[in-house]
Amino acid sequence: MTTVTRTLSGVRIDNGTPEPQSPAPHELVDPATGAAWATVVYGGEAEARRALDSAARVLPAWAALPAGRRAAALRAIAADLREDGLTARLAGLITRETGKRIAEARAEVGLSAAFFEWFADAVSGRAERAWSHVPGLRHEVGERALGVVAVLTPWNFPVSIPARKIAPALAAGCPVLFKPSEVAPASALCLAEVVERHVPSGVVSTVVGEPAAISDVWLADRRVRGLTFTGSTRVGRLLAAAVAPRFTRSVFELGGNAPFVVLEDADLDLAVETLMVAKYRNNGQSCIAANQVWAPRRSADELAARFSRASDRLVLGDPADEATTLGPLALPTDPARVESLVDSAGGDVWRAATPVPEAGNFTRPAVSVRPLRDSELVREEIFGPAVSVLEYDALDEVLEAVAAGPYGLGGYVVGAPRRAAEVARALDVGIVGVNTGSPNTPQVPFAGLKDSGTGVEGSHLGLEAFLAPQTVAVADG
């Protein structure tokens with residue numbers, strides 16, 4: 001039986017929840033049970049226009065606010081996110097919407113707070129500079145807010161990815177138009193509510209609804225000066241084409257197909273331990289999840305066997321249960337999709353023997369050893385608990401294969417640290433974990449190459465994406 005316990009407004013404008021002009025309620029379904037637990041009322045074109053008008057109206061005042069006061073607002077947001085009750089509420093929503101294990105959901109809320117704290121620190125240390133390079137001229141170099149920014153985010157990290165985008169935009173003085181995924185809107189709306197407590201009305205407006213109905217309004221308007229998007233490469237291309245006529249500054253964090261390279265001198269136990277994190281984070285639904293495992297020919301079968309045994313011990317079940325170690329996939333179509341990728345790849349296939357719950361979007365972990373190199377399992381982003389194990393005789397073979405592929409987001413190398421770091425630097429990807437499955441943190445750049453996107457998130461560079469430099473040359477006298 002379907003039991004809907006609450007109805008959410010998918011529109012937050014001017015720090016409130018106005019009634020959408022064209023109410024269209026949509027069910028939110030728990031991926032662990034298949035049961036609807038809430039409905040969200042979508043906004044559309046009218047709400048998108050109203051949000052944009054509000055953001056444009058507040059831009060001058062928010063951009064003119066001293067950086068220290070904007071930083072104080074970000075720190076207050078972070079403090080709220082770290083409050084135990086709110087952490088529990090947000091983590092519970094993330095788990096119920098996406099199937100993410102509750103421990104990982106709590107960690108995501110903590111990471112979100114860290115983004116607000118980091119960008120508060122980052123903007124506090126910036127100041128205007130005066131350069132004297134030409135006799136008789138003083139070049140005053142300052143920065144100002146880029147303008148209104150559209151923030152479009154996916155469902156797999158429904159709080160931390162928005163935080164990674166909203167925090168630097170607000171720090172820079174940019175009002176935000178926020179369009180979270182319609183798959184997981186409840187946690188994103190909760191985040192928006194928290195942010196609204198600490199910024200003036202109109203600085204952040206949120207509209208949940210059919211993507212094109214909202215983004216088409218925002219991206220066709222010259223008042224939107226920036227776009228930051230995380231999602232598939234296919235959608236990224238569509239958005240890039242939409243903003244190209246206006247040369248809108250954009251950050252795209254797109255698909256990935258992360259290689260996991262095991263060196264000849266690697267400790268196989270460490271390799272398996274690292275791979276368990278890099279593969280099964282968020283049930284395999286991460287853009288930097290390990291997809292292609294490259295192992296020396298002599299140790300490939302042993303590595304696959306050890307990883308399979310470790311995967312056999314995973315407990316599939318309710319992600320809200322602390323004992324669960326692998327939750328469901330977020331989309332009901334994904335178990336069949338992932339299983340089809342494995343079936344069509346060939347190779348020697350192992351599937352975990354762990355019991356699978358009858359209800360929900362669950363699928364067993366799978367490993368394909370020596371699959372077809374041109375199979376989708378090897379070439380494309382998997383976004384689920386499956387992996388390919390590929391043999392190599394020489395590292396050049398691995399480096400050439402990674403360079404020839406279309407993606408270049410994340411990667412991993414396991415081996416003696418000095419040699420592994422050398423190999424990591426040779427990989428044609430943006431961020432690499434050496435003997436770690438968790439390479440990212442707010443203080444460092446997160447950026448992809450090739451079809452994995454353009455622009456930078458995190459670090460000082462992530463703040464600069466939302467700042468426009470201005471040089472004023474002043475003649476002496």
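A salt bridge is taken here as a side-chain nitrogen of Lys or Arg within 4 Å of a carboxyl oxygen of Asp or Glu. The structure is a predicted model, in which local features need pLDDT of at least 70 and side-chain atom pairs count only at pLDDT 80 or more, while totals for chains, interfaces and linings use all residues. Residues are numbered from 1 along each chain as its sequence is written, and side-chain values use heavy atoms, with hydrogens and water left out.

A search of the whole structure finds 35 salt bridges. One of them joins the side chains of Glu 457 and Lys 165, with an N to O distance of 2.5 Å. Glu 457 lies in the loop between strand E21 (453-454) and helix H15 (459-464), whereas Lys 165 belongs to helix H5 (residues 160-172), so the pair ties together parts that are 292 residues apart in sequence. Helices (H or I, at least four residues) and strands (E, at least two) are DSSP runs, numbered from the N terminus. Glu 457 is buried, at 4% relative accessibility, and Lys 165 is likewise buried, at 1%; buried denotes under 20% relative accessible area, exposed over 50%, and partly exposed the range in between (1.4 Å probe, protein chains only).

Other salt bridges involve partly exposed residues. Arg 223 pairs with Asp 221, the closest N and O atoms lying 3.1 Å apart; the relative accessible area is 35% for Arg 223 and 21% for Asp 221, and both residues are therefore classed as partly exposed. In the pair formed by Arg 379 and Glu 380, the closest N and O atoms are 3.5 Å apart. Arg 379 is partly exposed at 37%, as is Glu 380 at 25%.

The domain assignment, whose bounds come from an automatic or database source, divides the chain into domain 1 (6-254 + 452-472) and domain 2 (258-434). The centres of the two domains, taken over C-alpha atoms, are separated by 31 Å. In domain 1, 21 residues are in contact (heavy atoms within 4.5 Å) with 27 residues of domain 2. The two domains bury about 1800 Å² between them, 57% of it on carbon and sulfur atoms. Of the area that domain 1 buries against domain 2, Arg 101, Trp 155 and Ser 452 supply 28%, more than any other three residues. Buried area is the accessible area (1.4 Å probe) that two parts lose on being put together, summed over both.

One salt bridge is counted between domain 1 and domain 2. The side chains of Arg 106 and Glu 322 meet in a salt bridge with an N to O distance of 2.9 Å. Helix H3 (84-98) and helix H4 (102-124) each supply at least two residues of the side of domain 1 that touches domain 2, and H4 gives the most, with four residues.

Within helix H10 (residues 300-312) lies Ser 308, a buried residue with a relative accessible area of 8%. Leaving aside neighbours within four places in sequence, Ser 308 is in contact with Trp 350 and Val 367. The C-alpha atoms of Ser 308 and Val 367 are separated by 7.2 Å, although the two residues are 59 apart along the chain.
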